[in-house]
Amino acid sequence: MRKKISRSLALFFIPYIASVLIRLIYLTNKKEFHAPKTIDDEPTIFACWHGELLMFSHFYMNYRKTPHANVLISSHFDGALISKTIKYFGLDTISGSSNRNAARVLMQGIKSLNTGYDIGITPDGPKGPRHEVADGIMVMARKTKAKVILVRIMPTKFWQFKSWDKFVVPKPFGTLHFYATEPLDVSDMALEDARAYLKERLDNYEI
């Protein structure tokens, strides 16, 4: 009972506090966008490593002034915290995991793309291995013909956790470097070829 109450309180307070801190981090840093100036309005899959997820919403809002995306999030408690946090930035979520309900989550992602939503995904989430591309991103791209934009978010000053994903929290008064590819079409590539290609492009920039 005590654990349930503490989690309920955490879900009530932490997402709001986190959203305020994320905005402060963004406002107190310089921003450099190394990315296409614009992208078309077609539903797109945006992908970044799990450890760089914190500032993803601000990258996305640079391209979509009116957010229209579903982000695939773990069904674990930390995923629930992330889900409630990004709702403050106008992003919706699809909850699931790589082990449980994986097929259902992918079907919801495909349906979202087919009905005009962008998808946000961490190719190595929700629990790793770190910087390895799981099947989900390729399956959705192949089923919907959606293009993929790969994103790296690299601050000049940051704290880095000792978690499996080496989660990065930018410090204030540095520079946030937002890197992104042009829209990539992997829909006609073999699964393993697409996996190797996406990983190579994401690994072009390393913290």
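User: Where is the place of proline 129?
Analyst: Proline 129 sits in the loop between strand 5 and helix 5. Please note that this structure is a predicted model.

User: What is the peptide bond from glycine 128 to proline 129, cis or trans?
Analyst: That bond is cis, with omega near 5°. The peptide bond from glycine 125 to proline 126 is also cis, with omega near 0°. Proline 126 is found in the loop between strand 5 and helix 5 as well.

User: Is histidine 131 buried or exposed?
Analyst: Histidine 131 is buried, because its relative accessible area is 8% and the cut-off for buried is under 20%.

User: And where does alanine 134 lie?
Analyst: Alanine 134 lies in the loop between strand 5 (118–121) and helix 5. With a relative accessible area of 37%, alanine 134 is partly exposed. Between alanine 134 and isoleucine 119 there are 15 residues in sequence and 15 Å in space, C-alpha to C-alpha.

User: Phenylalanine 173 next. Which loop is it in, and what is its phi?
Analyst: Phenylalanine 173 is in the loop between strand 8 (168–170) and strand 9. Its phi is positive, at about 65°, although the residue is not a glycine.

User: Is phenylalanine 173 buried or exposed?
Analyst: Phenylalanine 173 is exposed, with a relative accessible area of 62%.

User: Changing topic to the aromatics. How many aromatic pairs are there?
Analyst: The count comes to nine aromatic pairs. One of them joins phenylalanine 59 and phenylalanine 178, and this pair is stacked, at 6.3 Å centre to centre with 25° between the planes.

User: Where in the chain do phenylalanine 59 and phenylalanine 178 lie?
Analyst: Phenylalanine 59 is in helix 2 (residues 56–63) and phenylalanine 178 is in strand 9 (residues 175–180), so the pair ties together parts that are 119 residues apart in sequence. Phenylalanine 59 counts as buried, at 0% relative accessibility. Phenylalanine 178 is buried too, with a relative accessible area of 0%.

User: Which residues form the aromatic cluster?
Analyst: One aromatic cluster is formed by Tyr26, Phe33, Phe46, Phe56, Phe59, Tyr60, Tyr63 and Phe178. The ring of tyrosine 26 also has the charged end of lysine 31 sitting over it, 4.4 Å from the ring centre.

User: Why is helix 2 described as largely enclosed?
Analyst: Six of the eight residues of helix 2 are buried, so the rest of the structure largely encloses this helix. The buried residues are Phe56, Ser57, His58, Phe59, Tyr60 and Tyr63.

User: What is the volume of the largest pocket?
Analyst: The volume of the largest pocket is about 1000 Å³. Its lining comprises 43 residues, and those nearest its centre are His50, Leu53, Ile73, Ser74 and Ile82.

User: Which elements give two or more residues to that lining?
Analyst: They are helix 1 (2–27), helix 2, strand 3 (69–74), helix 3 (77–87), helix 4 and helix 5 (136–144). Helix 3 provides the largest share of the lining, six residues.

User: Let us look at helix 4. What should it span, and how far apart are its ends?
Analyst: Helix 4 covers residues 102–114, and at 1.5 Å a residue its 13 residues should span 18 Å. Its end C-alpha atoms are 18 Å apart, which agrees.

User: Which residues of helix 4 are buried?
Analyst: The buried residues of helix 4 are Val105, Gly109, Ile110, Ser112 and Leu113. Seen down the helix axis, they fall within an arc of 160°, so they line one face of helix 4. On the other side, Ala103, Met107, Lys111 and Asn114 are exposed.

User: Why would residues a few places apart point the same way?
Analyst: An α-helix has 3.6 residues a turn, so residues three or four places apart point the same way.

User: What is the relative accessibility of valine 105?
Analyst: Valine 105 is at 7% relative accessibility and therefore counts as buried. Valine 105 and lysine 87 are 18 residues apart in sequence and 18 Å apart in space, C-alpha to C-alpha.

User: What comes just after helix 4?
Analyst: Just after helix 4, glycine 116 takes a positive phi of about 100°.

Methods:
Residues numbered from 1 in each chain as written. Predicted model: local features only at pLDDT ≥ 70, side-chain atom pairs only at ≥ 80, totals over all residues. Heavy atoms only, no water. Helix = DSSP H or I, 4+ residues; strand = E, 2+ residues; numbered from the N terminus. Expected span 1.5 Å × (residues − 1). Buried < 20%, exposed > 50% of the residue type's maximum accessible area, 1.4 Å probe, protein only. Arc of directions from axis to C-beta. Phe/Tyr/Trp six-rings, centres within 6.5 Å; stacked < 30°, edge-to-face > 60°. Lys NZ or Arg CZ within 6 Å of the ring centre and 35° of its normal. 1 Å grid on protein atoms, 1.4 Å probe; cavity = no way out; pocket = protein on both sides within 12 Å on 5 of 7 lines; lining within 4 Å. Points joined across faces, edges and corners; volume = space filled by probe spheres on them.
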